[in-house]
Amino acid sequence: MYFNSNNLSAFINDARVRNIGFQVLIIGALVFSVWWLMDNTLTNLENRGKSLGFGFLVQTAGFEISDTLGTWLFDYEVGVSTYTDIYFIGITNTLLIAVLGIFLASIIGFTVGIMRLSNNFVLKYFATVYVEVIRNVPLLLQLFFWYFAVLGILPGARSQLEVLGGLGGLNITGLYLPAPVFQTGFGVVFFAFIASLVLSYGIARLSKKKQEKTGQGFNVALIAPVLIILITGTTYVIMGGPLDWTFPEFKNTGPIFKRGFQSDTGMVLVPEMLAVLLALTLYTAGFIAEIVRAGIVAVSRGQTEASYSVGLRPGVTLRLIVIPQAMRIIIPPLTSQYLNLTKNSSLAVAIAYPELVSIFAGTALNQVGKEIEMIFMVMSTYLVISLITSFFMNWFNARVKIVER
Amino acid sequence: MNNISIVLVAIVAAAAGYFGSTMTKNEAPAPAPAAEKTETASVEATLNAVKAKGFVQCGVSQGLPGFSNADDAGNWTGIDVDVCRGVAAAVFGDASKVKYTPLSSKQRFTALASGEIDMLSRNTTWTMTRDTQLGLNFAGVNYYDGQGFLVPTKLGIKSALEMDGANVCSQTGTTTELNVTDFFRENGMKFNLVAFEEADAVVAAYDSGRCDVYTTDRSGLAAQRTKLANPDAHMVLPEIISKEPLGPVVRQGDDQWFNIVRWTLNAMINAEEMGVTSANAKSMANDNNPSIKRLLGTEGAFGAELGLSNDWALNIISQVGNYGESYEAHVGPNTPLKLGRGVNALWSQGGILYAPPVR
C-alpha cells in the first residue's frame, strides 16, 4: 500500500524503508569487505606460490625447547614431536603463567590496595611508592630488569643454594625441586581426593542451611580436612602408595658440562619463567591495588561508621562490611587486569620463556612459514582463553553481588 | 514489508557483486611483489649511472664490527666496506667515492632490487633461494663463515664434542636453532636451548652465566664477543656446524656491473696470492712476472673489457689493499675480533680462497 512506484520520494522517505535499507547496506558492505579481503589474500598467496593449509601440524619439529611444564606434559622430543605438540606446549606454558600470575597478583594487589588506605604512615607510603613506580615503568623494561636481576643474584651453574633442607636447589639454570612420579593407580587416588572435596562442599552447604534454620551448624572447619585426609589417605594406602618422588641430583665431578644439576632428575623451574612470573605479577598487582582502593573508597563512609557503632572491630568491619560492598565495583575492572596479564605473557618471548608466541608464532613459524594459519591459531587461542576468563569472572560477579532480601 | 526488504536485499547484493567483481579485476594484479621482480630496463646501465652520479651507493650492515661498522666520525670500515671501496677505486680511481646505506637484514634485498643501492656488501649468506628467487646475483664470497660456539675459557673446553649437557643460548627465528639441534643429535649429546628474540639479550644472558655456550655465525660470535664484559675470557671453539658463505650481491640482469664487482674481489684475492700489497703495487707493476703485469694493467687490456681503465686493479690494491691486508686490518688476529684465517686463507696456504686468473 505504501509501495507506490508513482511516488518515489514517498518511498525513499518512508521510515521503515530507510531502516531496512541502511541495515542492508551495512550488511552488504561488511560481506563485501570480508569477501574482498579473503579474495585478495588468496590471490596474493597464489602469486607467491604459497597455499593455505594445516598440513604442517603433523610435521615433526627439528628444534630444542627448554625444559618447562609444557615439554614435560607433552613429553617433547626433537624429531618425534609434531608442530601440534609445539602448539600445546606453548598453550600450557602460557596458561601456567596466566593462572599463577592471576593468583599471586590478586593477593599482592589486594594487600597493597588495602595498605594504601592504612593509617600507618610507613605502610601507606610504601604502597604508594610501589604503585607509582610499577605503574609508570614499561612492562618490557621490568621484564628485562627482573630477568637480569634474577640472573645476577643466583649462583653459577656449577654451584647451588640448597632449598627445602637439601631436597632441592637453586642456581642460575633454575630452581630444582623434587618431582612426583605417578605410578599406575594414582588416578584412583586423585579421583578419591576430588570426591572428598565434593563431599566436603556438600557438608558445608548443609551446615549453612542448618545454621540459617536453627542457628547452629556443624564444625565444618574440623570435619572437612579430616574427611579429605581420611578418604584420600585410605585410598592411597589401598592402592599401594602409587606416588614416587625423584629428587634433583647435583654432581660436582665429571666433565664440566655434566656437573651441576642433572637434567633427568627432579623438576626444574627455569629462571625465565620465574622472571616472567615476577614481572607480570608485580606489574598487574600495581593496577589491581588501585582498583581495590577505588572500590573500598567508593563504599560510603557511613557504612564503616555504622559498623563501628554496633561495636565491630576494624578488621571485621573491613572483611564483613566494606569488602563485600566494594567487590561489585572491583570485579569488572579486575577482569580486565586478568585478561591483560594473560595477554602480556606474550612479552616473555623477549627473555626466552617458551610460551605460545615465542615457540609457535616465533620459532615454529620461521621454520614452517604458514603465517596466516599460525597467527590465526594463536589469535583464536588468546580469544578463547580471554573469553573463558571473562565468562568465569561474570559468573563470579553474579555470585558475589549483593542479594537484596 | 517483506517484499520490500527482499527487493532491497536483491538490489544491494547485485550491486555489491557487480562492483566487487569489477574492483577486484582492477586491483588483483596490483599487490604482486613488485620489489622482487627486477628485470627492469634501468639495471643494464648501472656502471653508467654510477659514473654519472660520481659515487657508488653501497648497502652495508647497521654496525657489525670487522665487517661494516661506522666510527664516531661516521667513517665506515670493515672487510665488507673494503669491497665497496675496491669497486669505487676500480671505477673512479678513488676508493673514497662511496656512499653507505645501513640496512637491516629485512631491508637489504628490497633496497638492492629497487635500485636504492648499487651493490650490497653486508655479510649476506649465499644460498640457492636468494640466488634464484630474489632476482639477485652473488658476485663471490669474501668470507667463508659457519655457525660456531663461544665458551668461557675457564671451563677448559677444547672441542664442541665435550659439550654434552650444556646450556646453549641462541637467537630465535633463524636457522641457528635447527643447526645446533642437529649437531647435538648427530653426536648423541643432550643440551638445553635458551632462545631469545634479540641478539643483545642473548649476549647479556650469556655474559651473566645463564648459558655455558653462545652459538651463532662465527664472525658474529667474534663481533659480539667484543661487547662482553671481559672479551678475553671467552674463546670460539674450532668446530663449524654449518656453511655460511658471505659475499657481495648485485642485481640480476646487468652482467657488466656484476663482472666489475666480481673481479674487484678476485683482484684483491689474486693480489694477495702474488704478493702484491698496497705498499708495493706501484713498483710491482713493472715486475717480470706476466701474471702480475696483467693484473696491474701493464700488459694486456683487461680493464677495458670491464668498461674500466687499465689500471683498475692497481687502483684497488694501492688504495684498499689486497684481501689479506683487508682481513688483517679488520677481522684478523690483531683486531678485537681475533679471527684466524682458517678456511679463509688462500688455497695455496691451506684455505679455500681461490680466485680465477686474470688472463
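In the predicted model, the centres of domain 1 and domain 2 of chain B, taken over C-alpha atoms, are separated by 31 Å. Domain 1 of chain B is made of two segments, 41-144 and 246-349. Domain 2 of chain B spans 147-242. The contact between them draws 11 residues from domain 1 of chain B and 5 residues from domain 2 of chain B. On the domain 1 side, 8 of the contacting residues are nonpolar, 2 are polar and 1 is charged.

The two chains also meet. Chain A contributes 44 residues to the contact, and chain B contributes 44 residues. On the chain A side, the elements giving two or more residues are helix H2 (15-47), helix H6 (139-153) and H12. H2 of chain A gives the most, with 14 residues. By class, the chain A side of this contact holds 23 nonpolar, 16 polar and 5 charged residues.

Nonpolar side chains tend to be buried together in soluble globular proteins. The largest nonpolar core of the model has 167 residues. A:Val276, A:Ile351, B:Val87 and B:Met119 have the most contacts inside this core. Helix H9 of chain A (residues 271-297) supplies the largest share of the core, 16 residues. The surroundings of B:Val87 can be given residue by residue. Leaving aside neighbours within four places in sequence, B:Val87 is in contact with B:Val56, B:Met119, B:Ile260, B:Val261 and B:Thr264.

Two residues of chain A call for comment on backbone geometry. A:Leu164 is not a glycine, yet has a positive phi of about 55 degrees. A:Leu164 lies in the loop between strand S1 (161-163) and strand S2 (168-171) of chain A. A:Leu164 is exposed, because 11 other C-beta atoms lie within 10 Å and the cut-off for exposure is 12 or fewer.

A:Ala352, also a residue other than glycine, has a positive phi near 70 degrees. A:Ala352 is found in the loop between helix H11 (314-344) and helix H12 (356-368) of chain A. A:Ala352 has 29 C-beta neighbours inside 10 Å and therefore counts as buried, the cut-off being 20 or more. Thus A:Leu164 is exposed, whereas A:Ala352 is buried.

Methods
Residues numbered from 1 in each chain as written. Chains lettered and ligands numbered in written order. Predicted model: local features only at pLDDT ≥ 70, side-chain atom pairs only at ≥ 80, totals over all residues. Domains from an automatic or database assignment. Contact = placed C-beta atoms within 7 Å. Nonpolar A, V, L, I, M, F, W, Y, C, P; charged D, E, K, R; others polar. Core = buried A, V, L, I, M, F, W, Y, C linked by C-beta atoms within 7 Å. Helix = DSSP H or I, 4+ residues; strand = E, 2+ residues; numbered from the N terminus.
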